[in-house]
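Reader: I am new to this one. Could you walk me through it?

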Amino acid sequence: MSIGSIVLAILVFSVIIIFHEFGHFIVAKANHVGVIEFSLGMGPRILSWAGDGTKHRLLIFKSTAYFEEHPEYDEHTIYSWKILPFGGSCMMLGEEEDVDDERSFSRKSVWARMAIIFAGPFFNFILAFILSLIVIGGIGHDPAVITGTDPGSPAAEAGLQEGDVIKEMGGSSIVVNREISYYPIFHKLDGSPVHFVIERDGKEMEMDIAPKLVKQEDGSEKYQFGFFHSAPREKVGFLGTLKYSAYEVKFWIDTTIKSLGLMITGQVSTKQISGPVGIVQQVGQVVEESRPDGVTTVVMNLLMFSILITANLGVMNLLPIPALDGGRLLFLIIELIRRKPLPRKVETYVNVGGFAVLMALMVFILANDIIKLF
C-alpha cells in the first residue's frame, strides 16, 4: 500500500465527508439553528477560524477549554481542521440536549429537524450526481451494446448479434453496460431461460436465452450466455449527460440496497465487506491499473470510484440504525406519530447501545481488512 494511495484515499474520504456535513450545516443555517462547530477530521484541532463579534481570527491548536473560556465565540460558528484525517462533524446547539435557546436544534419543529438530518445523506447523492456529470460529460456513458458472441454459445444460437442493444434481462430494465455484468450477481443463473428484450436497427425484439455451464480457468464452472458487451463509452450531449448522470446515482443506490439484501440473507460473505483499509487498497488498485493509460484515465476512474463510495455512504447513513442519520430520522418519525418526542433517557440508551454495536462492527471490518491485506 503506497503513500500515494493513502493520500488519495484520504482526499476522497475528506471530500465525501465534508460534503455530507455541509448538507447538515447549510440546512441547519437555513432553519436558524446555531452551529457551534463545523469541522473536518477528528481529534485535537490544528486550525480554527472563528469570529468574536468584531472580526474573524485564525486560531492554532486551540482546545475546547479555550473556547469555553472565551464566551465571545458563543454566538459564532467555529470552523476547524482537526488532526485525524477521517470523519468530520457539524455540531449544533441543542443537538444532544434540550437547550433553552431559540437557536437550539431541539427547539425547532420536527419537520425542520428531519430536513437537517436528511440533508447529510442527500448531499452525498448530490455529490454523486456532480461527479457523474464530470465523468459522463468528459468521457460519455457506458451503453449496453453487444460487441460479439462466442460461436456455438447460447447467445449465438438465439440470434444475438454485434450491435444489439440490451433493453431488458429477465424483467429487469437495462440502461447501462454494468447492469448486464451485475445481473448474475443479483439473479442466480441456474440454466433456466432468461427473457431478453433487445433493440436492433431501431426495432425491439424479444428472445429467451438459457445460459450453460462453462468451465473456467480455475477449474470451476459458471453459467454464461456467451456474449461480450465491452462497447466504448459514448458522449450523449447536454441533456443526455443530465439523464445518465441521474441514472448513475440511481444505479449505485439500487446496487447498494441489493448488496445489503444479499448480505442480510447470507448470500454474500461478511469477508467480502471492506472498510477504510480495504478502500485504500482499492484506490491503489484503481490508480495502478489506470496509470498506463494516462492521467485523465486515472482521474476519471478515481471519480467513478468516488461516485460509488459517496452513494454507498448516503444509503448506509439512511439505515435505521441508532447513531446513524437513519436512526435519528426514525426517532423523529416516531415523534411525529406520537406528537411528542421519546423520553431523552430512552433515546440515549438506544443510541449508546447502537453506537457500541456500530463500533464492534467497525472493529470487525477493520480486522477483516487487515487479514485480507496480509
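Predicted model: local features only at pLDDT ≥ 70, side-chain atom pairs only at ≥ 80, totals over all residues.

Reader: How many bridges join strand β5 to strand β7?

Author: Residues are numbered from 1 along each chain as its sequence is written, and side-chain values use heavy atoms, leaving out hydrogens and water. Strands (E, at least two residues) and helices (H or I, at least four) are DSSP runs numbered from the N terminus, and two strands pair if DSSP finds at least two bridges between them. β5 (residues 165–169) and β7 (residues 194–200) run antiparallel, and the bridges joining them number four.

Reader: Which residue is the bridge partner of E168 in β6?

Author: β5 also pairs with β6 (residues 172–173), in the antiparallel sense, over two bridges. In β7, E168 has V197 as its bridge partner. In β6, the partner of E168 is S173.

Reader: Which residue forms a salt bridge with E95?

Author: A salt bridge is a side-chain nitrogen of Lys or Arg within 4 Å of a carboxyl oxygen of Asp or Glu. Here N and O are 2.9 Å apart, and the partner of E95 is R328.

Reader: Is E95 buried or exposed?

Author: Buried means under 20% relative accessible area, exposed over 50%, and partly exposed in between (1.4 Å probe, protein chains only). R328, at 22%, counts as partly exposed. E95 has a relative accessible area of 15%, so E95 is buried.
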